[in-house]
Protein chains: 2
Amino acid sequence: MSREKREGGGLLLPRRQFVRTVAGSAAMLAGSLAGAGTARAANPDNLPPNEPEWAKALGPGVDATPYGMPVSYEAHVVRRWVPWLTASSESSVNFTPLQDLHGFVTPNGLCFERHHGGRAEIDPADHRLIIHGLVERPIMLTVDDLKRMPSESHFYFCECAANSGMEWRSAQLNSVQFTHGMVHCAQYTGVSLRTLLDYVGLKPNAKWVLAEGADAAAMTRSIPIEKALDDCMVAYGQNGEALRAEQGYPIRLVVPGFEANMWVKWLRRLEIGDQPWYTREETSKYTDLLPDGKARLFTWVMEAKSVVTFPCPEKPLNGPGYYTIRGLAWSGYGRIKRVDVSVDGGRNWQTAKLVEPVLPKCLTRFELPWRWNGEGALVVSRAIDETGYVQPTMYELQKVRGVESIYHNNGQQVWEVKPSGEVENVRLKYAS
Amino acid sequence: MSREKREGGGLLLPRRQFVRTVAGSAAMLAGSLAGAGTARAANPDNLPPNEPEWAKALGPGVDATPYGMPVSYEAHVVRRWVPWLTASSESSVNFTPLQDLHGFVTPNGLCFERHHGGRAEIDPADHRLIIHGLVERPIMLTVDDLKRMPSESHFYFCECAANSGMEWRSAQLNSVQFTHGMVHCAQYTGVSLRTLLDYVGLKPNAKWVLAEGADAAAMTRSIPIEKALDDCMVAYGQNGEALRAEQGYPIRLVVPGFEANMWVKWLRRLEIGDQPWYTREETSKYTDLLPDGKARLFTWVMEAKSVVTFPCPEKPLNGPGYYTIRGLAWSGYGRIKRVDVSVDGGRNWQTAKLVEPVLPKCLTRFELPWRWNGEGALVVSRAIDETGYVQPTMYELQKVRGVESIYHNNGQQVWEVKPSGEVENVRLKYAS
């Protein structure tokens with residue numbers, strides 16, 4: 001990993017000719033696939049016309065894996081962490097392997113973790129949710145109580161405010177897992193927070209909700225009542241099963257589109273008040289230091305962002321030929337409207353295909369066919385959401401926000417594809 | 001488990017009064033939750049106002065589980081099989097634990113398995129997909145080739161033709177996992193089969209596709225060309241990650257809405273022909289014997305079906321009070337339009353809420369609030385799909401199909417709730 005090379009190697013390459021989008025799948029594929037996929041070593045005994053070894057005898061039966069795990073050939077697809085980035089694993093973070101994902105669902109076993117006091121393992125029989133403060137009827141609920149109530153299920157992305165946080169000044173981490181892997185997307189099931197607040201009865205001066213976790217950090221954040229009554233949920237289900245321990249089992253708050261530290265895990269208390277609490281996690285942390293020395297406070301919404309997940313540093317190209325550029329886009333303000341992709345560092349853009357369904361505050365998969373001619377290229381994407389907001393370049397973002405914050409970096413990510421097919425994280429230098 | 005009791009205990013109970021749907025969440029909940037959820041034994045040292053043990057010290061860090069697993073308190077949520085139902089585990093089946101699922105996604109680790117020759121574990125470098133027969137350009141593709149092509153992602157249910165197959169004659173298995181657990185639902189990612197067939201070029205007399213697996217059973221099924229060109233996919237991704245070995249890694253055919261044995265796993269060959277192949281799996285098996293001795297052939301579509309997953313035999317009621325009846329509905333013909341729920345064995349019906357999004361050929365979650373008065377009840381659901389088809393009673397189904405088949409039982413499932421709160425699989429006797 002050569003950081004200098006990545007910092008210095010990002011000069012805009014001379015414009016080159018790239019293949020235009022070709023209409024029609026058959027036309028795109030015709031003639032381009034011959035010999036394209038034979039790079040991996042194969043055992044000829046298993047190739048046609050031979051009968052492969054796994055077809056010659058019965059395989060393992062159904063009782064072998066009551067809770068199934070991935071096949072051994074996918075053992076490299078795991079969450080990873082960066083030892084030098086954080087002092088201890090207990091107060092730390094790991095990253096979703098975006099480079100190996102398909103569609104927009106993140107399997108529960110691969111969702112990034114971010115703990116402030118380690119992972120709590122809570123016996124649900126011993127867990128309670130208290131709702132009190134400026135309410136008519138304070139209540140203490142069990143997990144079973146919550147499951148008796150009407151439920152909702154929604155697909156939402158969940159992104160840490162510090163995702164891409166190392167990349168503010170320059171290209172740092174040569175890996176899409178590490179630059180963008182603090183995001184995941186899952187179907188959450190639980191009780192609408194509005195249902196709970198309707199039940200306890202808000203007093204007229206109820207303006208804020210304090211959410212508190214039962215972990216060793218007792219994570220606390222203030223949430224405006226408008227958001228609490230809009231689309232927040234107290235979730236017990238994730239991707240069809242119970243929340244995982246590292247995601248807040250037995251219950252977590254879901255705050256769609258807002259930074260993930262507000263999705264309080266191991267949720268035990270909701271206090272209703274008339275002003276924010278200014279907790280540690282919304283004053284000394286999770287605020288954004290600006291060039292003039294002031295800090296942005298309560299910057300909740302994760303703005304439109306996208307990243308190309310193929311090609312990327314972990315997934316180089318295997319010689320010239322036909323490929324599909326793929327990536328993910330999301331916006332805390334709602335649906336992704338469009339994603340553009342450039343292979344010349346942003347000089348020319350093509351509109352990518354969005355893979356349906358495109359859901360609000362959910363990851364959206366995009367892709368664009370690309371015939372790579374073997375010359376160097378600068379691959380970059382930009383997302384546009386339904387508000388019309390356009391994901392900025394890093395240059396545009398730095399002009400406004402400076403480089404002192406580690407939070408809310410939603411700048412465009414540029415990957416340099418080298419003639420060898422290798423891919424490197426680079427920062428473009430702009431003339432203007 | 002008393003089979004006789006379940007067969008004989010299903011007489012229609014006298015009509016009782018049940019609480020009507022109450023509009024508005026607050027009204028539904030008010031006053032009904034007090035003391036409702038305190039049945040499970042709790043350790044008072046962990047309850048408020050005490051600080052629970054897990055809040056007193058740092059929890060495990062993020063490097064403990066690079067591929068995460070469910071928390072120990074959910075260890076009972078597993079696939080299960082019935083040893084007496086099948087002669088050997090290699091040629092066998094296990095069942096999805098529907099009673100513990102939320103939303104409509106089935107986690108990959110819990111998707112039911114059905115193998116005809118055991119689970120093949122295939123090195124993707126050694127796997128090939130051949131497309132030949134009545135085509136202009138026969139081709140052999142690697143898995144990497146497929147990943148270079150444009151992709152699609154869709155949520156589809158996948159149901160074995162024999163799901164509920166033991167229940168044709170009478171109530172047999174006292175478990176929703178065993179009566180209905182041969183269905184799962186996942187986001188599949190892969191290449192549209194139309195894209196591949198466009199590429200190889202169909203000859204004018206191309207009418208059928210033979211799909212063949214690379215497992216020890218060399219599973220083969222004939223698929224009409226209209227379906228192949230409509231919405232079939234060659235999938236490599238399931239719920240965001242690679243297919244699991246037991247689901248056909250590295251590639252399987254996805255045949256939306258059609259019986260699961262046609263979703264050929266470990267797919268290695270697609271042959272295009274002008275007539276069906278009449279393979280073993282579509283003649284001696286997966287045909288439906290009728291009362292007149294004839295057999296229905298090529299009964300591909302899984303018709304509209306639903307089942308209540310709470311309450312159910314595995315999830316009894318814990319005393320009178322407020323509950324939410326929950327279940328799943330699906331149709332191989334498209335979207336679920338409506339689900340009705342009865343608590344008196346089908347005499348009176350209420351329309352359940354469908355949890356959005358309602359997607360075609362995808363599981364749909366429904367729910368209905370219910371205040372249980374502690375008396376016996378007969379809980380049953382019926383699904384109506386967008387074609388207007390109404391899920392039949394078992395009586396209606398048997399009148400047409402008899403009881404000789406084990407396939408395509410989509411009859412209504414009745415659960416008897418006893419005053420004790422226990423729930424039993426019963427068959428209603430009809431006067432007419």
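**View 1. Chain B laid on chain A.** In this predicted model, chain B can be laid on chain A with an RMSD of 0.0 Å by a turn of 180° and a shift of 0.0 Å along the axis, where copies are superposed by least squares on the C-alpha atoms of residues with pLDDT of at least 70 in both. That relation is the one given by a two-fold axis. In chain B, the C-alpha nearest the axis belongs to Pro107(B), at 3.7 Å from it. Residues are numbered from 1 along each chain as its sequence is written, and chains are lettered from A in the order in which they are written. Because the model is predicted, local features need pLDDT of at least 70 and side-chain atom pairs count only at pLDDT 80 or more, whereas totals for chains, interfaces and linings use all residues.

**View 2. The contact between chain B and chain A.** Here 105 residues of chain B are in contact with 106 residues of chain A, contact being defined by C-beta atoms, placed from the backbone, that lie within 7 Å. The side of chain B that touches chain A has 52 nonpolar, 30 polar and 23 charged residues, with Ala, Val, Leu, Ile, Met, Phe, Trp, Tyr, Cys and Pro counted as nonpolar, Asp, Glu, Lys and Arg as charged, and the others, Gly among them, as polar.

**View 3. A sheet in chain B.** Four strands of chain B form an open, antiparallel sheet in the order β13-β14-β18-β17; strands are DSSP runs (E, at least two residues) numbered from the N terminus, and two strands pair if DSSP finds at least two bridges between them. At the edges, β13 (305-310) and β17 (353-354) of chain B each pair on one side only.

**View 4. Strands β14 and β18 of chain B.** Nine bridges join β14 (residues 321-330) to β18 (residues 364-372) of chain B, and these strands run antiparallel. Tyr322(B) stands opposite Arg371(B) in β18(B).

Note on methods
Two residues are in contact if their C-beta atoms, placed from the backbone, lie within 7 Å.
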